[in-house]
Amino acid sequence: MSDFTMKRGDSKVFNLTISGDITGAKLWMSAKTAYNSTSFVFQKDTSLLGGIVITNGPGGLATVTLDPTDTSSLPPITMKLVYDVQVKSAAGLVSTVQSGTLTVEPDVTIATS
């Protein structure tokens, strides 16, 4: 389990280290306000949604990049989001490889240009 902290509306890059070779795998990261929530705050993946890049397949390394728009619509209070990362291997096996909380703190300055 891994816990991260960031400011609302900021860009953030997370480095993932996954046990085993992830060459040809698909990865997803999903975040919600609660496990039982029916909607996502954001989702990232290695294909259509984007945001996840496998940087070293044999070494199990990838990065997740959050854009300011992923958290900018959250209220200006400290929020703890729950998240997980799933991998679908080239062989079709699905496993959850990381989970935890993402604390999003309120921001003061809102600047994007």
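Modeller: Strand 3 is mostly covered, with five of its seven residues buried.

Biologist: What makes a residue buried, and what is a strand here?

Modeller: Buried means under 20% relative accessible area, exposed means over 50%, and partly exposed lies in between (1.4 Å probe, protein chains only). Strands are DSSP runs of E, at least two residues long, numbered from the N terminus. The model is predicted: local features need pLDDT of at least 70, side-chain atom pairs count only at pLDDT 80 or more, and totals for chains, interfaces and linings use all residues. Residues are numbered from 1 along each chain as its sequence is written, and side-chain values use heavy atoms, with hydrogens and water left out.

Biologist: Why is Lys 26 called partly exposed?

Modeller: Lys 26 has 29% relative accessibility, so it counts as partly exposed. Lys 26 lies in strand 3, which covers residues 26-32.

Biologist: What does Lys 26 touch, leaving aside its neighbours within four places in sequence?

Modeller: Contact means heavy atoms within 4.5 Å. By that rule Lys 26 meets Asp 45, Thr 46, Ser 47, Gln 86, Val 87 and Lys 88.

Biologist: What makes the link between the side chains of Lys 26 and Ser 47 a polar contact?

Modeller: A polar contact is a pair of N or O atoms within 3.5 Å; within protein, one must be able to donate a hydrogen and the other to accept it, and residues adjacent in sequence count only if both atoms are side-chain atoms. The two side chains make their polar contact at 3.3 Å.

Biologist: What joins strand 3 to strand 4?

Modeller: Four bridges join them, again with an antiparallel run, and strand 4 spans residues 42-45. Met 29 stands opposite Lys 44 in strand 4.

Biologist: Which residue makes a polar contact with the side chain of Lys 44?

Modeller: Asp 70 does, side chain to side chain, at 2.9 Å. The side chain of Asp 70 also reaches the backbone nitrogen of Asp 67 at 2.7 Å.

Biologist: Why is Asp 70 called buried?

Modeller: Its relative accessibility is 11%, so Asp 70 counts as buried. Asp 70 is found in the loop between strand 6 and strand 7. Leaving aside neighbours within four places in sequence, Asp 70 is in contact with Val 41, Phe 42, Lys 44 and Thr 65.

Biologist: Which residues touch the most other members of the largest nonpolar core?

Modeller: Leu 27 and Leu 102 do, in a core of 22 residues. A nonpolar core is a set of buried Ala, Val, Leu, Ile, Met, Phe, Trp, Tyr and Cys residues joined through side-chain atoms within 4.5 Å. Strand 2, strand 3, strand 6, strand 7 (79-88) and strand 8 (94-105) each give two or more residues to this core. Strand 7 supplies the largest share, five residues. Among the contacts of Leu 27 beyond four places in sequence are Leu 16, Ile 52, Ala 62 and Val 87.

Biologist: What is the strand order of the open sheet of three strands?

Modeller: The order is 2-6-5, with antiparallel pairing. The edge strands are strand 2 (12-17) and strand 5 (52-56), each pairing on one side only. Neighbouring strands of this sheet are turned by 25° against each other on average, direction ignored. Four bridges join strand 5 to strand 6 (residues 61-66), and Ile 52 stands opposite Val 64 in strand 6.

Biologist: Why is the aromatic pair of Phe 4 and Tyr 83 called tilted?

Modeller: Rings of Phe, Tyr and Trp (its six-membered ring) pair if their centres lie within 6.5 Å; planes under 30 degrees apart count as stacked, over 60 as edge-to-face and the rest as tilted. By this rule the count comes to two aromatic pairs. Phe 4 and Tyr 83 have ring centres 6.0 Å apart and planes at 45°, so the pair is tilted. This pair links Phe 4 in strand 1 (residues 2-7) with Tyr 83 in strand 7, 79 residues apart. Phe 4, Phe 14 and Tyr 83 form one aromatic cluster.

Biologist: Is Tyr 83 buried or exposed?

Modeller: Tyr 83 has 2% relative accessibility, so it counts as buried.

Terms used
Two strands pair if DSSP finds at least two bridges between them. Axes are lines fitted to C-alpha atoms, for helices over the stretch in contact, and angles run from 0 to 180 degrees between N-to-C directions.
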